[in-house]
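This report describes a single protein chain. The sequence and the coordinates are shown first.

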Amino acid sequence: SRSIPPQKRRESQHCKLQSRMSGCAMLLVISSRQSGPRRRPRMVWATEREPQVLPFTDPDTGSEVVLVACMHYNPWSTAKAAEVTGKITKEGRLGALVLETCEERWEVLSNDQPSGSFQRMVLDNEFQAAADVASEAGRPVVYGDRPIGDLSKDIKSVIQHALVDLATPFDGGWRRTLEALREVMNSFQNPDQPAGMHSSEILNALDFCELGFWMGAPVGILRYILTLSLKSPRLLAFLFSVVAALRVLLKRPDDEIPGADPFA
């Protein structure tokens, strides 16, 4: 059979790993440079298991993989991503860094807020923090998400189907909506366990119980809104218009009576 270039093999493996951990903002660190025949998955890893840091073994290659679950722009996630990447790099075990983004989005991010810029200081994030560490060590940075064009088309299609279902309650639309919601809830309560992976190799709610993570959440949300306003001002204006319209539509009659509002 025709041989597959090493880069294509790595991209394929990274895509498989990314799909197994979908549903969470993430950053992947391939922590073994070695490749070879398939080996039995191991239960002891060189990387310590800690909140939001999940080491596991790729059953196809036998390499250790470290997943860092992140909240975008959260200072806690940014620090943890850089810390874990730096630790593995110093130990000489970093094979490649895989980011949950595509090449187009990464180029935009890198050009808009390069290292040392004011924008980077205000909008620091886990992707660039970890990539800086890996790049300084001469390790490759790989993009593990689908191209933004394909992703946008799928999101648009899903939204369209969801709106059609909501608008057709007597044609099975609401039934399909409830089934989809039930499926999502079941996925959280009973997450699928990929073949060859132990239950300890799966993220759970306890991973996000650290105080620092939740203290950094408001900062992450504000940074996300600021990023949206800088990159897509029309979209932000549209969202604010929707919120304003909802406030008018949901306004109670009592709100129009003078003196009804004690804070008026």
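The text below covers the overall fold, the nonpolar cores, the salt bridges, the cysteines and a surface patch.

**Overall fold**

The model is predicted. Its chain has nine helices and five strands, arranged along the sequence as α-β-β-β-α-β-α-α-α-β-α-α-α-α. The chain contains 264 residues, and 33% of them count as buried. When contacts between residues at least 6 apart in sequence are considered, 70% of them join residues at least 24 apart.

In soluble globular proteins, nonpolar side chains tend to be buried together. In this chain the largest nonpolar core has 18 residues, and Val84, Leu97, Leu99 and Trp106 have the most contacts inside it. At least two residues of this core come from each of β3 (64-69), α2 (75-90), β4 (96-99), α3 (103-112) and α5 (126-136). Helix α5 gives the most to this core, namely four residues. Another core lies apart from this one and has six residues, including Phe56, Val65, Leu67 and Ala69.

**Salt bridges**

The whole structure has 11 salt bridges. Three of them are listed here, with the distance between nitrogen and oxygen.

| Pair | N to O distance |
|---|---|
| Glu50 and Lys80 | 3.6 Å |
| Lys80 and Glu210 | 3.1 Å |
| Arg120 and Asp132 | 3.0 Å |

Glu50 and Lys80 form a salt bridge. This pair links distant parts of the chain, with Glu50 in the loop between β1 (26-30) and β2 (53-57) and Lys80 in helix α2, 30 residues apart. Glu50 is partly exposed, at a relative accessible area of 27%, whereas Lys80 is buried, at 6% relative accessibility.

Lys80 also forms a salt bridge with Glu210. Because Lys80 lies in helix α2 and Glu210 in the loop between α7 (173-189) and α8 (211-231), the pair ties together parts that are 130 residues apart in sequence. Glu210 has a relative accessible area of 22% and is partly exposed.

Arg120 and Asp132 meet through their side chains in a salt bridge. Arg120 is in helix α4 (residues 118-122) and Asp132 is in helix α5, so this pair ties together parts 12 residues apart in sequence. Arg120 counts as buried at 9% relative accessibility, while Asp132, at 27%, counts as partly exposed. Shared partners join Glu50, Lys80 and Glu210 into one network of salt bridges.

**Cysteines**

How many disulfides does the chain have? The count is zero, because no pair of cysteine sulfur atoms lies within 2.5 Å. Cys70 counts as buried, with 4% relative accessibility. Cys102 also counts as buried, with 4% relative accessibility.

**Surface patch**

Ile155, Ile159, Leu163, Leu166 and Trp174 make a nonpolar surface patch of about 530 Å². Helix α6 (residues 148-167) supplies the largest share of the patch, four residues. Leu163 lies in helix α6. With a relative accessible area of 53%, Leu163 is exposed, because the cut-off for exposed is over 50%.

Conventions. Residues numbered from 1 in each chain as written. Predicted model: local features only at pLDDT ≥ 70, side-chain atom pairs only at ≥ 80, totals over all residues. Heavy atoms only, no water. Patch = residues over 30% accessible without salt bridge, like charges linked within 9 Å, V, L, I, M, F, W, Y side chains within 5 Å. Areas by Shrake-Rupley, 256 points an atom, 1.4 Å probe, with all protein chains shown as cover. Salt bridge = Lys/Arg side-chain N within 4 Å of Asp/Glu carboxyl O. Buried < 20%, exposed > 50% of the residue type's maximum accessible area, 1.4 Å probe, protein only. Core = buried A, V, L, I, M, F, W, Y, C linked by side-chain atoms within 4.5 Å. Contact = heavy atoms within 4.5 Å.
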